Amino acid sequence: MSEFLFELNMLDSLLLLSAVTVAIAILCRVEYISGGVVTLLYLAQLVVVGMMISAGGVFSSHLTPQLFGYELGWLLDGLGLYFTLITVGSALLATLYMAGEWGRRYREQGKSFRALQSLLALNVFTMQLLLASSDLLSLFISWELASWAAFALMALSGGKGLKAALHYMIYAFSGAMLVFAVVAWIATTAVTAAYQLDINGAGILQFSSVAELMQQGIFTIPEQLLMLTLLLIGFGIKMGLLPFHLWQAPAYALSIGPAGAFLGAISSRLGLFAIIVVLFKIFGSITDGSILQSSFGFEFASVTPKTLLAWIAVATIIFPTFVAMRQNDARHLLAWHGIGQGGYMLLGLVMMDSLGSAGGLLHVFNHATYQAALFLAVTSVIYRTGTADLNRLGGLVVRMPLSFMTLLIGIIGLAGLPPMNGFVSKWLVYRSLLDQGELLLFVGAVIGTLGTILSVYKLIHNMFLGSLRKEHEEVREVSWSMLTPMLILSALILLTGLFPGIPLQWVAQGLSAVGLPVAEFNLGGVMADGGSLDMVIVSMVLFSGFGVAALIFYFVGGKSKRVNPLDNYAGGHFLYASNRYHYSNNFYAGLMHLIKPWYKNTFQRLERVVVTLLELTAESLSRLYMRPHSNQLALIIVVLLLW
Amino acid sequence: MSELVKRVEWTPLLFSVGLGCLLLPLFLALPFGNSPMVAGEMIQQAAQGVQGAVVDSVGAANLVTSVVLAYRGLDTLGELAILFAAATGAGMVLQSGSAALHQNTKMHKHIDSEINLGELFDSAATMLTPLLLLVGVYIILHGHLTPGGGFQGGVVVAVALFLPSWARNGGGQLSHKVISRIEGGAGASFIVIGLVALWQGDPFLTPWLAQGELGELFSAGTLPLLYLMVGLKVGAELAALLKYLAIDEQVQS
Amino acid sequence: MSNYLVLLVILPLLGAFLMQPLSQLLGSKQAGRKILQNFGRAVIAVTLTITYIVATEGEGVLQLPLSLLMGGFVVPVGINLYLDQFSLLWLVAIQVSLLILWPASRDIRQHLLLLVVAASSMGMALSGDLFNIYVFYELLAVATFGLVAQAPHPAAAVVSFRYLLLSAFGSVLALAGIAIIYSQSGSLNLAHLSAFVVNGETQFPLAAFLLLLVGFGVKAELFGVNGWVPEVYGVVSSRMSALLAGVISKIAVVVIVRIMLLLFPYPEASQALLVLGILGMVGGEWVAWHTAQRGGKLSTTLAYSSIGQLGMIFVAFSFSLTLGLFVGVALALHHLIVKSGLFMLSSAQLNRWQLGLFVLFGLSLIGVPPLPGFWIKLAMLQDLWATGGGLEQLAIALFLLATVVEASYLSKIISTQMVSPQFKSAKLGGNSEERRNLNLAWLYGILLFGAIFFINPLAETLHGIAVQTEDGELLRSVVLENSIDPLAGGEQ
């Protein structure tokens, strides 16, 4: 037995640990202990991942089952490790949040804490399987498992959340079927090729073998394009790429608090991971003659798949961000932003140079941190006030200052302003766009950032700033069990903003695993030919500016006094508590008035069309069965006999 | 006449007729071909006692019987079972419920006494019943010699069994118990006769018993026995079926 | 000893014949009634034992198939029964399903008709003679008419009658097909006819195949003649539905496939199967979705789903000529287990554990790894792709779309169930019969779940079965060997 344990390398231990976490989450009936135990287990997992990252290199699992004539295998390289780190980290923080008071109240409401924990652990496990897959079949199997696990987690909230989860499931399953078609296609062709070349067909679906087959030209260019399209659609659905994004916002928004934080942080990024694997590992897009850069010309312009993808990414940035602006529910707002940020990631990666791809990949980490932070902060507000409706909140800064700080830091990160980490990844992407001369894309990305800044300001303003409502007078800050993860995240956002070199190391490992060019990263940022960024300096400049202002405010200059917000008068009247002097309803009324005609609900209409088509065919087919048509039968016979 | 025009649904009728006209030439065009009489020749050779015939002769003068009961005995068993299943099913529908099963015998007496089909029918029934019975049994027993056999004779026997219960003073209810015992027993006997061959180490339904002389009543081995069982079963079944239908009519009217 | 194989058909028939006299003898006493209730199952248990004995005799059927002559008469004059791995598989499936799904009814005639069903379906699986198959098919049909008419539903008799009409129509067509074949060859024996085809003397016309297809296709829920399915399934009890959809339809499919492989081994026949399969698949799944959207009865949705699944099975068998029977057989077996389980769960409102079981069945149906349904789907897609035709590619696209539609309506059903009050409680609801049905579903669930861990050996076994079945030479040599030696006792 000890020999067996000895045989376990780190990947095996990670997977085993993960499986144990699932088992304990399911089996542990003592609910107030399970929260703590599970958190510790996640911590252990994080430690293992950390060890793997610092060790560098590739870890392959000893688990290689032979199923149905195919050999499956699991292997973690730099890219997978990067995503696994984020996954386990998000899970750890989410569970930490749940472990204390939040979990207690959840149980008091009669809901199953055990189910929540188990599903979360299951999600982590299946995601790890996905991130460590090394051949097409294990990729697909773990993809399906992860999708269904995510569905279960979303469905747990019941009611509208269940409906949103079902909506997700249809999208995800359709996408999975597209991927399945391609996998079967490749499998059939590969097996035949292996047979002809007289090599062992069992490992034929490994990424490396498939890449070789692609290079040997087993598939013609149009076939490759078709495959690529199907795969991109299939994986892009999970990622929330336009036009398949309609499911994501309600599904994440309506899921249970900390679960929403986890899902929003990392779940959809798995689609990105799969796309990276497909684009770079299988189709070998780095090389010049690759499919991604091959152009198929029209008369007036030639379009490459790369350009197309870049534009889809930009569309994904712009549209959901402006939809977010219209949202009145904090969670929906954040969820729509989540979709938009995915566009940045894809945009950076599609540029395929050292800065852009680093920016795209780094954005995954950054986004996870502030999305989790924001979601947790909003969940805390919901916990205390019972609502996330932006038209019903206000002035909570005085009651929940630490939550406010978390939200503030998260927002600055989301908007991509220094000194937070969001700024770094966005800068890298912009730099890459400018370097490659893609001015239109650059403008598109900037519009997205503008929209982000506007809508997150609405978020913080409506929630925390302004005047406190009467019903929220008694609200207090949340307990330490819930504050801890939020503060950890805030610190993380700040630290990785100041010293982006730390996450950039991990990014570098991920990029080199895939074959993308890596730039020189230092602690403060990057030194590249096109330009350099040193966050330490930037932040110092920023803080010195604040520092000067603080100096002036606190020490020099006039005295300040604390006043009650109602100690004021306007228009000749004193202020009354019963009136609200907080402008929050219909925020951005002017802007909305301007851009309202542009909201055409196009994508929803598209979706409606597809569904209606389905319904129409179903209806007409059912007529076939409804009434007994003897004439029909005779007709059939005639047809058959003529055949 | 005008009522007829109104009551009949013309559109579907015309459509069906048209379709039928379309189907007919199509059916005729089907490649039915001229069949090579492979099996037929084999049987004839066997029957004529040609040396080296592929199949064995069974000793029945009526070749049809030899096919039905010997060469294709399993098919016949299947057909028997079909009739049985159909009768049972029909019985289920007509009786709708096993409670009626027990009341059946009681209903008999009640209903029968109310039937009055007239003197003519009563006397005719009394005279015809033994005649029908005799003819039926004759057809059954001579199935291996002359055209006829269990199925045909069984139908006649069925009528013979059923007729008296319609006549007022003919007496004799058709007891359900007896009917089902005959039915079950006959069917079982058919199978048992086949099973005996199995016991003897031969395949199922191999004819045993001496073949005797061609054309004699006691010839062709077990074939007459099989036909007897068939006849009894069919007779009992159809009689019961007629009874159900009759009662059903009575109950409804 | 191998002669006793015929008892599989004969014993249930004997039991059926004797049942009514027996019920009169024993019916009055308590003990007697108990005997009668379990009589049917006892008979099947006996036949199962006989199956085992015959199959493992000598080298066993796994090595060499067995051909028995009825009455010792040589083919093509006589009838033969043919036992190979393929028929063995279906025999076992029939008997085990019957044992599990035998209803606990007080009406002796139900038991009786079920014994007839047993005999006829096993006869169909075993028989090597075309007309004999037809006779058993008719027997099966008539027995099911009776069973459907007896269903506990006010419209049962009417539904049964419509079913009867459709089935009779199909039977006429099948008979016409048989007539064509007979008139062109003079023989009715499958092996004999197959020899005709292989020696290049005759190619039986496509019309004959189509007639046979439509005729036998009634039971197999083929497109065009499956109008009876939603009506009948909406009326009969859950166990009957499970039997009809799960087992009986498969036997019909299996018969059609055997006929196609032996008598019509040319691409047009396969294409017919493909086209009708696609139509059935699309029609079935789409209308199932439609029914679920409108909030129709679960049994109706499952009925349409069954049509769709059988369409998929037909598609899977359409490439059996070139790529083998493996996928078709696997899909058929999978459907047998899953559908029976689903029908068992349709009897009453489900609590959360049972709903979980429903989810399990649903997931395997749409093919989520690591359940067996996924592997079968993978194999099916690969084989369809390998065939390469345009129609096959359309089939792939439609097949995948159909699975999405399946996922949609299955999830609709599940979410509807989740809102019902029964869901919250962990207790079992419904009356005792319904509870037993729900418990039986667990059997199927365990079978399905267990199969996950035995994917490789199961695949190998099925491959073996497929390979042996595709070997037409083997069949011909085993069966026709006997036509040279007269009355050699009928065994190899």
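**Helix packing and chain contacts in a three-chain model**

Helix 5 of chain C and helix 6 of chain C are roughly antiparallel to each other. The model in which this pair is found is predicted. Two packed helices are described by the angle between their axes and the distance between the axes. For this pair, the axes of helix 5 (residues 130-149) and helix 6 (residues 156-185) of chain C cross at roughly 175° and come within 9 Å. Angles over 145 degrees count as roughly antiparallel, so the pair falls in that class.

The residues that bring the two helices together can be followed along each of them. Helix 5 of chain C contributes C:Leu130, C:Phe131, C:Tyr134, C:Glu138, C:Ala141, C:Phe145, C:Val148 and C:Ala149. Among the residues that they meet in helix 6 of chain C are C:Ala156, C:Val159, C:Tyr163, C:Leu164, C:Ser167, C:Leu175 and C:Ile181. Taken by class, the residues of this contact are 16 nonpolar, three polar and one charged.

Chain C also has paired strands. Strand 1 (residues 66-69) and strand 2 of chain C run antiparallel and are joined by four bridges. Within this pairing, C:Ser67 lies opposite C:Tyr82 of strand 2 of chain C. In a regular strand the side chains alternate between the two faces of the sheet. Is strand 2 (residues 80-83) of chain C covered on both faces or on one side? Both faces are covered, with C:Asn80 and C:Tyr82 buried on one side and C:Leu81 and C:Leu83 buried on the other.

Chain A is the next part to consider. Chain A has 643 residues, of which 51% count as buried, and its secondary structure consists of 24 helices and eleven strands. Of the contacts in chain A between residues at least 6 apart in sequence, 76% connect residues at least 24 apart.

The axes of helix 9 (residues 221-239) and helix 12 (residues 269-282) of chain A come within 7 Å, and their crossing angle is roughly 155°. Helix 9 of chain A and helix 12 of chain A are therefore roughly antiparallel to each other. On the side of helix 9 of chain A, the residues in this contact are A:Leu231, A:Leu232, A:Phe235, A:Gly236, A:Lys238 and A:Met239. They meet A:Leu270, A:Gly271, A:Leu272, A:Ala274, A:Ile275 and A:Val278 in helix 12 of chain A. The residues of this contact comprise nine nonpolar, two polar and one charged.

Helix 7 of chain A includes A:Thr192. A residue counts as buried if 20 or more other C-beta atoms lie within 10 Å of its own, and as exposed if 12 or fewer do. A:Thr192 has 15 other C-beta atoms within 10 Å and is therefore partly exposed. A:Thr192 and A:Val47 are 145 residues apart along the chain, and their C-alpha atoms are separated by 44 Å.

Chain B has ten helices and zero strands. Buried residues account for 38% of its 253 residues. Of the contacts in chain B between residues at least 6 apart in sequence, 69% join residues at least 24 apart.

Both of these chains touch chain C. The contact of chain A with chain C involves 32 residues from chain A and 34 residues from chain C. On the side of chain A, two or more residues each come from helix 6 (136-155), helix 7 (160-197), helix 23 (602-626) and helix 24 (630-642). Helix 7 of chain A gives the most to this side, with 13 residues. By class, the side of chain A that touches chain C has 26 nonpolar, four polar and two charged residues.

In the contact of chain B with chain C, 48 residues of chain B touch 52 residues of chain C. The elements of chain B that give two or more residues to its side are helix 3 (38-47), helix 4 (63-71), helix 5 (73-95) and helix 9 (176-199). Helix 5 of chain B gives the most, with 15 residues. This side of chain B has 29 nonpolar, twelve polar and seven charged residues.

The last topic is the nonpolar core. The largest nonpolar core has 463 residues, and those that touch the most other members are A:Leu347, C:Leu13, C:Val116 and C:Val148. Helix 7 of chain A supplies the largest share of this core, 20 residues. Leaving out residues up to four places away in sequence, A:Leu347 touches A:Ala310, A:Ala313, A:Val314, A:Gly360, A:Val429, A:Leu441 and A:Ala445. C:Val148 is also one of the residues through which helix 5 of chain C meets helix 6 of chain C.

Conventions. Residues are numbered from 1 along each chain as its sequence is written. Chains are lettered from A and ligands numbered from 1 in the order in which they are written. This is a predicted model: local features need pLDDT of at least 70, side-chain atom pairs count only at pLDDT 80 or more; totals for chains, interfaces and linings use all residues. Two residues are in contact if their C-beta atoms, placed from the backbone, lie within 7 Å. Ala, Val, Leu, Ile, Met, Phe, Trp, Tyr, Cys and Pro count as nonpolar, Asp, Glu, Lys and Arg as charged, and the others, Gly among them, as polar. A nonpolar core is a set of buried Ala, Val, Leu, Ile, Met, Phe, Trp, Tyr and Cys residues joined through C-beta atoms within 7 Å. Axes are lines fitted to C-alpha atoms, for helices over the stretch in contact, and angles run from 0 to 180 degrees between N-to-C directions. Angles under 35 degrees count as roughly parallel, over 145 as roughly antiparallel, 65 to 115 as roughly perpendicular and the rest as oblique. Two strands pair if DSSP finds at least two bridges between them.
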